[in-house]
Amino acid sequence: MPLLFQLIFYFLIKGFFLWPFYYSKRWKPLWVGFTSSMMAVPLMVLLYHETDLSFWYVYLGLIVLDTLLYCFLLKSNWWKAIPISLVLNTIAIIFFFVCNG
Amino acid sequence: MQNFENCRRPGSCLTNRNNLSAKLLLLICCISLATSAIADAGFSIRRKHAACIISFSGTGNLKNYKLVNAYRDGAINDEETIYVQEGGKRWEESDRDIKLLLVDTATNKATDSLQFHAKDYNLHMKISGEQNGKLQYSMDSTKAVYDYLLLNDDEKSDQFRRNRILFITCSVAGFILLLLLFFLRKKKTGDQNTN
């Protein structure tokens, strides 16, 4: 199954689910979700299949990265960015594990 | 000429630059998505169909006895590995029951037999010895993982090389897009501050 499908599903989770939280920013949350998915998904697939790296580090790294992105690119509100990042990344990583066996 | 005239109006150059950036972003996205469609990401691998491996240690502890696989000839030693199933389409039809016999080498008669069912788990049998003709052992089990190679370094095929390039390209494209988003935002803020 191609990488494209993973990208689409990740975009649905991290883009569309993010949208309601930053609705006032119009299309920007979708862009942020899309670009962060595009950067993270191929990297995650490589790390998962080719290395023995503990995915807790990847999970935490993604939460930190997304929190920074939401704060710098969308709205400078840490207390909003942290829980959103935590929830979206949890859903995304569960999806990743279920689909990658 | 029209572009230069537009630039005299405040903010018009910024709009042009943003339009250009938007087109560039769109182009990078399209290229990345198009290329990602042909890269295999190991999505929907069914790892439960993995073959199970049974290995042994401590067969040297069996004095005057030998451990034999009931379905095959020859004594089992530490180097021996039994592959219960090779994976593939005929998984449901394959034989997953392993029967081992403890055979007295002097009389050549089985004094103990044990049967176990192997599915989804790799088993490692640690043999500690024999007592009254019964095998003394402990069994470790680990989840059998389907050995899926996304990128195989040993095999220099074009497919693996292409996949590696596509993965890295896609990730780098995403990183560049994020950087662009970040710097455009900074630029915009800076221009607003100047105005």
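Modeller: Let us begin with secondary structure: helices (H or I, at least four residues) and strands (E, at least two) are DSSP runs, numbered from the N terminus. Ser113(B), for instance, lies in strand β5 of chain B, which spans residues 109-117. Residues are numbered from 1 along each chain as its sequence is written, while chains are lettered from A and ligands numbered from 1 in the order in which they are written. The model is a predicted one, in which local features need pLDDT of at least 70, side-chain atom pairs count only at pLDDT 80 or more, and totals for chains, interfaces and linings use all residues.

Biologist: Is Ser113(B) buried, partly exposed or exposed?

Modeller: A residue is buried if 20 or more other C-beta atoms, placed from the backbone, lie within 10 Å of its own, exposed if 12 or fewer, and partly exposed in between. Ser113(B) has 13 such atoms within 10 Å and is therefore partly exposed.

Biologist: Which residues does Ser113(B) contact, leaving aside its neighbours within four places in sequence?

Modeller: Two residues are in contact if their C-beta atoms, placed from the backbone, lie within 7 Å. With those neighbours set aside, Ser113(B) is in contact with Lys99(B), Leu100(B) and Leu101(B). Lys99(B) is 14 residues from Ser113(B) in sequence, yet their C-alpha atoms are 7.1 Å apart.

Biologist: What is the secondary structure of chain A?

Modeller: Chain A has four helices and zero strands, in the order α-α-α-α. Of its 101 residues, 38% count as buried.

Biologist: At what angle do α2(A) and α3(A) pack?

Modeller: Axes are lines fitted to C-alpha atoms, for helices over the stretch in contact, and angles run from 0 to 180 degrees between N-to-C directions. Helix α2 (residues 28-50) and helix α3 (residues 55-74) of chain A pack at about 160°, with axes 11 Å apart. Angles under 35 degrees count as roughly parallel, over 145 as roughly antiparallel, 65 to 115 as roughly perpendicular and the rest as oblique. The helices α2(A) and α3(A) are therefore roughly antiparallel.

Biologist: How do α1(A) and α2(A) pack?

Modeller: The angle between α1(A) and α2(A) is about 135°, and their axes are 8 Å apart. This pair is therefore oblique. Among the residues that meet are Leu3(A), Gln6(A), Leu7(A) and Tyr10(A) of α1(A), and Met38(A) and Val41(A) of α2(A).

Biologist: Which residues have the most contacts inside the largest nonpolar core?

Modeller: A nonpolar core is a set of buried Ala, Val, Leu, Ile, Met, Phe, Trp, Tyr and Cys residues joined through C-beta atoms within 7 Å. The largest one has 33 residues, and Met38(A) and Val41(A) have the most contacts inside it. At least two of its residues come from each of α1 (3-16), α2, α3 and α4 (78-100) of chain A and α3 (158-194) of chain B. The largest share, nine residues, is supplied by α2(A). Val41(A) touches Leu3(A), Gln6(A), Leu7(A) and Tyr10(A), with residues up to four places away in sequence not counted. A second, separate core of 15 residues includes Phe56(B), Met125(B), Ile127(B) and Ala144(B).
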